[in-house]
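Colleague: Could we go through the charged side chains in this one together?
Modeller: Gladly, let us have it on screen.
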Amino acid sequence: GHDGAYSIALSGGYEDDIDMGDCFTYTGEGGRDLKGTRSNPKNLRTAPQSKDQTLSKGNWALSRNVETGNPVRVIRGYKSKSAFAPEEGYRYDGMYKVEKYWFTTGMSGFGIYKFAFRPMDNQAPPPWTFEGDLNNNDCKDKGKEEDHKDESNMSVKASDSCKPGSG
């Protein structure tokens with residue numbers, strides 16, 4: 001709607017997603033050839049990126065969440081390669097704020113929208129923590145050794161992708 005997106009699912013659909021548990025970057029939708037033929041059907045979920053994404057549909061909705069501050073429900077699915085994904089099925093992981101978004105070149109070489117998410121305050125601890133600490137939302141020290149390439153092809157730490165002003 002005009003107020004933004006209501007929910008997203010992290011289910012391993014895009015190679016550019018970075019999931020550090022409490023915070024993550026989510027790759028926008030689109031930029032894939034979804035047409036298949038009877039003799040060569042395509043898995044729409046995993047078709048390769050073949051063009052730049054646009055700021056429309058779900059990407060536009062998530063950009064509105066940045067502007068309105070409205071939270072987004074996050075669901076993690078078992079198909080994600082993330083260490084924070086459930087072993088089976090889908091799991092509700094809470095309400096998150098979309099802190100910012102940006103357009104960059106993805107691993108495929110095509111333009112993609114990226115969205116930085118951080119959990120809202122005063123929620124139950126995430127299911128992968130055992131401390132029960134409601135303030136366990138510190139993403140600064142996570143992913144220090146995990147590197148990825150940003151839009152300028154300079155190596156940056158994955159933890160930087162969740163910091164305000166990065167990307």
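Colleague: Which residues are linked in a network of salt bridges?
Modeller: The network joins Asp19, Arg76, Arg91 and Asp93, where a salt bridge is a side-chain nitrogen of Lys or Arg within 4 Å of a carboxyl oxygen of Asp or Glu. This is a predicted model, in which local features need pLDDT of at least 70 and side-chain atom pairs count only at pLDDT 80 or more, while totals for chains, interfaces and linings use all residues. Residues are numbered from 1 along each chain as its sequence is written, and side-chain values use heavy atoms, with hydrogens and water left out.
Colleague: How many salt bridges are there by this rule?
Modeller: The count comes to 5 salt bridges.
Colleague: What about Arg76 and Asp19, how far apart are the N and O?
Modeller: Their side chains meet in a salt bridge at 2.9 Å, N to O. Because Arg76 lies in strand E4 (residues 72-77) and Asp19 in strand E2 (residues 18-19), the pair ties together parts that are 57 residues apart in sequence; strands here are DSSP runs of at least two residues, helices of at least four, numbered from the N terminus.
Colleague: Is Arg76 buried or exposed?
Modeller: Arg76 is buried at 1% relative accessibility, and Asp19 is buried too, at 19%; buried means under 20% relative accessible area, exposed over 50%, and partly exposed in between, with a 1.4 Å probe and protein chains only.
Colleague: Changing topic, which residue does Glu67 form a salt bridge with?
Modeller: Glu67 pairs with Arg64, their closest N and O atoms being 2.6 Å apart. The two are 3 residues apart in helix H1 (residues 57-68), about one helical turn, and Glu67 is exposed at 53% relative accessibility.
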